[in-house]
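Student: I would like a close look at the aromatic side chains in this structure, please. Could you walk me through them in one connected account, with the chain as a whole as background?

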Amino acid sequence: MELDRTATTHLFKASCRVVSPADGELVGFAGVRDFAWSAADYPSLETLESLRTEGDELADDALAALLRLHQSLATDGESKPAATGFVPSNLMAFFTRAVAVLDATAVPDAALDAVRVRDAPVLPVAGMSASDRAAVLALWRSVTEVPDWVDWARVKHGQTLFWKYLIVNSATLGLYSLLGGYAADSVNQVLASTGYLASRRKNAVMRRLTETAHMLVGALQSVESIAPFGEGWVGVLNVRFLHALVRHRLRGSTKYDAALYGTAINQPDTLATGLSFSTTLLDGLDKFGLAATDATLKADYLHAWGYIVRLLGVKDEYNVLAPASAAATHPRVPGSLAPPPPGVDPVEHAHRASRAIGLHLFHPSDLSRTFAGALIEGLADQPPAYRSLKTMYAGARIFLGPQLAAALGVPDVARWRIALYRFRLSLVTSIFAWLWDYSPGMRAVLMRKYVEGHNELMAKFVFGLEPPNGKKKPDLTDPSLVEALREFAFAMRWDPARTDEGVSLSDTEDGDAAAKDGSRAEARWMWRAAVMVAVVAVSLVVAAQVV
């Protein structure tokens with residue numbers, strides 16, 4: 001069955017709006033239940049539109065300085081990696097090495113170890129201008145100084161939501177956060193200009209999604225990982241540099257109309273990315289009746305994301321996921337995009353911002369349907385679940401709802417497929433969540449298995465490694481793979497001397513693997529998982545009774 005990318009169903013009462021609704025007006029979009037607009041509670045659409053010209057000056061200025069430094073280390077237009085140790089795909093490593101020379105006291109050994117450059121040659125920075133030095137150091141201070149409002153105990157507690165409900169969260173990220181995000185055509189224009197998440201090649205889609213998951217796994221694995229100099233911290237900042245590089249290359253490019261769509265990856269867009277990984281995940285749990293009573297866990301999960309989006313470049317005064325104290329020096333006014341006022345439920349506040357951004361930007365186009373088709377087809381019949389294409393349609397229909405699914409060209413499927421998808425995902429997620437709650441000793445085991453499964457996908461789709469002879473899985477203890485996972489930075493090919501073309505993101509695939517029998521593989525995987533979990537659960541119950 002092919003996706004219907006010519007769907008023209010009228011879906012939204014209001015789409016691509018730039019003028020806020022009247023106070024008290026009932027509005028809805030993309031299948032979201034009608035809600036009463038309140039000028040006192042929602043960021044105004046006029047504010048959101050005005051912020052679309054605002055990028056990430058800290059990262060943009062630091063990137064420009066690093067590019068000039070890199071050019072100064074080149075001869076005849078060719079970089080000298082042997083002399084500089086510079087790997088163009090890892091701007092975090094280059095950034096850290098530059099800071100280590102500019103201010104050695106600001107870079108502890110842990111920072112050098114985090115990006116594997118402790119023994120790298122010293123960068124010659126004598127020729128850097130005062131303004132370039134200041135720009136690089138300003139970004140470093142911003143990302144290494146943890147603001148007072150970050151509560152590490154809350155971050156640690158919030159991170160557990162991702163792992164406790166990982167089964168449904170994984171489905172939510174693919175079929176709701178990313179797929180639903182294609183309804184924002186202004187974001188699609190950036191993706192079209194870079195090729196990221198827009199490839200028609202099956203394994204290319206899995207590669208991009210696995211890379212995105214790598215950032216999430218690092219950011220949410222532990223407090224130590226997301227704290228300064230942790231692996232998750234490095235991963236998030238690599239993504240921030242990727243965004244800055246996209247803005248750098250699209251600035252003045254004929255491939256992207258900034259006057260029409262705003263600055264590429266602007267402040268609302270970056271915040272929307274964080275919301276798609278936070279509030280949208282909570283919406284996904286609600287659709288399956290999960291975590292309904294975990295109000296504190298939900299709030300702490302958003303608190304963790306408040307810190308993560310700050311690392312991604314969202315300014316404190318716009319960070320709706322941060323507590324009120326994050327913008328104490330920026331008085332809040334009605335209609336602003338800002339942290340919640342004291343006494344306001346932080347979860348509902350973040351949801352209001354998410355609804356306002358959706359009301360402002362969601363306007364599916366032919367490009368939306370093309371990207372949606374590439375994503376769903378790229379996810380079908382792939383590990384670890386090997387879900388069939390029709391099963392993917394069923395999942396998308398549940399997450400998106402019939403209106404948005406139709407807008408993105410996702411065809412309808414039999415009711416029994418939708419019911420079966422909901423039942424299986426709810427069952428397996430509930431069992432794993434039960435194990436998480438009532439068998440604390442299993443948490444480390446589950447997380448280790450989850451991370452191992454992710455690393456297997458990284459080995460296959462990102463690094464292109466085949467399992468050793470006679471093996472079904474890659475050797476995760478292989479030193480070269482361990483090092484590759486630790487050093488991974490979003491792959492980029494770029495020439496700092498050229499600014500007239502879109503970013504080229506590397507894609508070294510030699511071709512798609514042979515198609516698997518998706519339905520049979522999916523059924524085998526689901527039954528094995530269910531049997532395994534059931535056996536473990538029964539064993540734990542019996543053990544508890546004996547004790």
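**Aromatic rings in their setting**

Tutor: Among the contacts in the chain with a separation of 6 or more, 74% are between residues 24 or more positions apart. The model is a predicted one, and its chain has 23 helices and two strands. Of the 547 residues of the chain, 56% count as buried, while the accessible surface comes to about 23,400 Å², with 56% of that surface belonging to carbon and sulfur atoms.

Turning to the rings themselves, a search of the whole structure finds 18 aromatic pairs. One of them joins phenylalanine 35 and tyrosine 42, whose ring centres are 5.3 Å apart and whose planes are at 25° to each other, an arrangement that is stacked. The term applies because planes under 30 degrees apart count as stacked.

Elsewhere, Phe95, Trp140, Phe229, Trp233 and Phe241 form one aromatic cluster.

Rings also take part in arrangements with charged side chains. Arginine 422 lies over the face of phenylalanine 288, at 5.5 Å from the ring centre. For lysine 460, the charged end sits over the ring of phenylalanine 461, at 5.3 Å from the centre of that ring.

Conventions: Residues are numbered from 1 along each chain as its sequence is written. This is a predicted model: local features need pLDDT of at least 70, side-chain atom pairs count only at pLDDT 80 or more; totals for chains, interfaces and linings use all residues. Side-chain values use heavy atoms; hydrogens and water are left out. Rings of Phe, Tyr and Trp (its six-membered ring) pair if their centres lie within 6.5 Å; planes under 30 degrees apart count as stacked, over 60 as edge-to-face and the rest as tilted. A charge sits over a ring if NZ of Lys or CZ of Arg is within 6 Å of the ring centre and within 35 degrees of the ring normal. Helices (H or I, at least four residues) and strands (E, at least two) are DSSP runs, numbered from the N terminus. Buried means under 20% relative accessible area, exposed over 50%, partly exposed in between (1.4 Å probe, protein chains only). Contact means heavy atoms within 4.5 Å. Accessible areas come from the Shrake-Rupley method with a 1.4 Å probe; for residues, only the protein chains shown count as cover.
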